Amino acid sequence: MSDTPKITLYTYFRSSCSARLRIALNLKSLPYTSVYRSRLVVEYPNKSPVTITQSLSALEYLDEIPSGNSHKLLPPTSDPEIRALVRTLSQIIACDVQPVTNLRILKEVDKLGADRATWSRDLIEKGFGAFESIVKNTAGRFSVGDVITMADVCLVPAAWGAERVGVELGKFPTIKKIVDALEQEEAVKKGHWKNQEDTPQELRG
């Protein structure tokens with residue numbers, strides 16, 4: 001019996017967390033079924049299903065299961081310092097940038113009477129500034145050298161969200177260079193929010 005898991009991604013076209021996982025699954029050539037909510041469910045023969053509700057945990061899980069192609073989102077365990085760097089960059093996006101684009105958070109900001117676009121844009125730019133300060137010294141084609149890592153999988157959906165609220169990526173030249181390179185990758189094109197089954201027709205392009 002095959003050990004290849006059945007993967008179900010509960011997704012939403014505009015969710016940056018979902019986009020991280022779409023891109024990672026595409027990079028690993030792992031087929032998956034989309035259901036339009038937010039979580040990852042992995043089913044193996046003769047095992048209980050595994051449900052993962054946090055995207056960074058799901059990304060690391062995909063690296064640890066013996067399925068998919070050889071593309072690794074984290075460097076080998078023999079490079080703990082580089083692994084820590086990739087995790088640091090990923091967490092800057094997941095903890096400092098992505099939450100301020102979350103609709104639930106933005107609705108709460110509305111209640112305080114703030115201009116949510118301005119508020120979100122300011123905090124995204126601060127997060128991108130922290131990311132830029134690191135990757136200007138570590139980037140090759142991508143964030144850490146010339147191989148796509150978990151940091152890149154987190155970065156590119158955050159860039160899409162940032163542009164929607166008016167962030168100029170040109171302020172962050174290394175980030176812009178990385179995002180431009182990532183958007184040429186087939187796995188990223190397939191994971192783009194404009195190309196999902198639940199994307200409204202008027203937003204496709």
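Helix α3, which covers residues 80-97 of this predicted model, comprises 18 residues and extends 25 Å from its first C-alpha to its last, a span close to the 26 Å expected at 1.5 Å a residue. The buried residues of α3 are R83, L85, V86, L89, S90, I92, I93, A94 and V97, and the elements that cover these buried residues include α1 (16-27), α2 (55-64), α5 (116-138) and α6 (150-164).

The domain assignment divides the chain into domain 1, residues 6-71, and domain 2, residues 80-189. The centres of the two domains, taken over C-alpha atoms, lie 21 Å apart, and the contact between them draws on 13 residues from domain 1 and 17 residues from domain 2. Domain 1 and domain 2 bury about 1,300 Å² between them, with 71% of this area on carbon and sulfur atoms. Of the area that domain 1 buries against domain 2, 41% is supplied by R20, I23 and L56, more than by any other three residues.

As for polar interactions, three residue pairs are found in polar contact across the interface of domain 1 and domain 2, with both residues of each pair at pLDDT 80 or more. On the side of domain 1 that touches domain 2, α1 and α2 each supply at least two residues, and the largest share of that side, eight residues, comes from α1. The count of salt bridges between the two domains is one; a salt bridge joins the side chains of R87 and E60, with a distance of 3.1 Å from N to O.

Technical notes. Residues numbered from 1 in each chain as written. Predicted model: local features only at pLDDT ≥ 70, side-chain atom pairs only at ≥ 80, totals over all residues. Heavy atoms only, no water. Helix = DSSP H or I, 4+ residues; strand = E, 2+ residues; numbered from the N terminus. Expected span 1.5 Å × (residues − 1). Buried < 20%, exposed > 50% of the residue type's maximum accessible area, 1.4 Å probe, protein only. Contact = heavy atoms within 4.5 Å. Domains from an automatic or database assignment. Buried area = accessible area lost by both parts, 1.4 Å probe. Salt bridge = Lys/Arg side-chain N within 4 Å of Asp/Glu carboxyl O. Polar contact = N/O pair within 3.5 Å; in protein donor to acceptor, adjacent residues only side chain to side chain.
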